[in-house]
Amino acid sequence: MKAEIIAVGSELLLGEIANTNAQYLSEWLASCGIDVHYHSVVGDNEARMTDVFKQAQARADLLVITGGLGPTEDDLTKEVLAKLLGRRLQVDEVAYSRIEGFLKTRGRMMTDNEKKQALVIEGADVLSNGAGLAPGMSLKTADHQYILLPGVPREMKQIIADHFDHLFGQETIKSRTLRFFGIGESALNDRLTDLIRSSQNPSIAPYAELAEVRLRLTAKAAQEQVAIEMLDGLERLVLAEVEDYFYGYGETSLPEVVLRTCEEAGVTLAAAESLTGGAFASGLTDIAGASNSFRGGAVVYDDAAKRNLLSVSETLLREQTAVSADVAIAMAEGARRLYQSNLAIALTGEAGPTSNSGKAVGTVYCALATPDGTEVVEFTYPAFDRGMIRLRSVKDAYFLLLKYLKKIAVQPK
């Protein structure tokens, strides 16, 4: 099935609001194993809407249309589509009663415009709107399926959640998201090219995020257990190629996995941050229960803070500058002593736009102090955006820590 997503609303073309619905719908349809081939946006104009709907009919099997179902005169979606399909509009009594009841609680009588929201296309299945008044619709013809949804994101998402099974029948569709760090989307694709090309059901869809990549695996089967087993098999094949970069599932994040792994390993953690200004610690403390493993973090932006809080040698700072491997090691070991933690991460470097140390902008040192000693890694990032250098530094530090935690977890006890 080929799908096209059509967003209706002049406000989208004027840039007054962002078309977040298209992103949500694309991810949702991908999770259902449906390929989205086109996105379209059209203003509230009957002639242009008709042209866009006709164009979509010529190249897609499924048309998902958001917006234009409200009470105002420029809400034209169902009127235009009904005319195009040669069907009447009729009042849905359930929707009418819901609108009438809502207005009564506010001491208002129903106007013709408000009644308009209860109109549905003849022959359509009506999708009740648990978060608003205008219902959605699902309409199947000989050649196409149409899904009409409100443009308000909260209402659109509620209808999808309430009517998912109704829209796509009884076939079980299961998805699983694998998350990766330390490998770019292009490199991941290269490693998995043959697998991606050969896997139709279950399928693989890669998505790039900020300094991360995720893979969505989707399987369709008659029984749920069969779909799950298909996903398990495909996951094993994926991880056989790129397991070194894998860190979690679904909507989890690197700091969440770090904290959970620390807790499972029974180890505590501290941090010392220079260029990242507390971002590493902030990512951890954003998560409820972080205090079970995270002891604290020192933001030592100035050299005096490094000396006074972490006992970093003045001679070391003078001879090697704050942006050096040895200073990162001293910071990590100082934080481990200060917070009496099992592990400590330290970050120092040049985030730009200019360098104060003589090192190139984008040079970052990350040290990990452990009971077995301290390791340090030099990262070199392109001298682009200051914020991106800091973000990459924090994520690389999480991943360095996670690799160490995984290593100690498999060592014999």
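Cys366 counts as buried, because its relative accessibility is 0%. In this structure, which is a predicted model, Cys366 takes part in no disulfide, and the nearest cysteine sulfur, that of Cys262, lies 13 Å away. Cys262 is buried as well, with a relative accessible area of 0%.

A disulfide is a covalent bond between the sulfur atoms of two cysteines. The closest cysteine sulfur to that of Cys262 belongs to Cys366, and the 13 Å between them is too far for a bond. When the rule that the two sulfur atoms must be within 2.5 Å is applied, the count comes to 0 disulfides.

## The nonpolar cores

The largest nonpolar core has 37 residues, and those with the most contacts inside it are Leu269, Phe280 and Leu401. At least two residues of this core are supplied by each of the helices α11 (254–265), α12 (279–285) and α16 (386–410), and likewise by each of the strands β13 (269–273), β15 (343–349) and β16 (363–370). The largest share, 10 residues, comes from α16.

Leu401 gives a view of how such a residue is surrounded: leaving out residues up to four places away in sequence, Leu401 touches Val258, Leu269, Phe280, Leu343, Ile345 and Leu368. There is also a second, separate core of 23 residues, and among its members are Val327, Ala328, Ile329 and Ala335.

## Helix α2

How far apart are the end C-alpha atoms of helix α2 (residues 20–31)? They are 17 Å apart, which agrees with the 16 Å that its 12 residues should span at 1.5 Å a residue. Several residues of α2 are buried, namely Asn21, Ala22, Leu25, Ser26, Trp28, Leu29, Ala30 and Ser31.

Is Lys306 buried or exposed? Lys306, which has its place in helix α13 (residues 303–310), is buried, because its relative accessible area is 0%. Leaving aside its neighbours within four places in sequence, Lys306 is in contact with Ser274, Val300, Tyr301, Ser311, Val312, Leu317, Ala322, Val327 and Met331. One of these contacts, Val327, is also included in the second core described above.

Tyr38, found in strand β2 (residues 35–42), is partly exposed, because its relative accessible area is 34%, a value that falls between the limits of 20% and 50%. When residues up to four places away in sequence are not counted, Tyr38 touches Ala3, Glu4, Ile5 and Arg59. Tyr38 and Glu4 are 34 residues apart along the chain, and yet their C-alpha atoms are separated by 4.8 Å.

Methods:
Residues are numbered from 1 along each chain as its sequence is written. This is a predicted model: local features need pLDDT of at least 70, side-chain atom pairs count only at pLDDT 80 or more; totals for chains, interfaces and linings use all residues. Side-chain values use heavy atoms; hydrogens and water are left out. Helices (H or I, at least four residues) and strands (E, at least two) are DSSP runs, numbered from the N terminus. Buried means under 20% relative accessible area, exposed over 50%, partly exposed in between (1.4 Å probe, protein chains only). Contact means heavy atoms within 4.5 Å. A nonpolar core is a set of buried Ala, Val, Leu, Ile, Met, Phe, Trp, Tyr and Cys residues joined through side-chain atoms within 4.5 Å. The expected span of a helix is 1.5 Å times one less than its number of residues.
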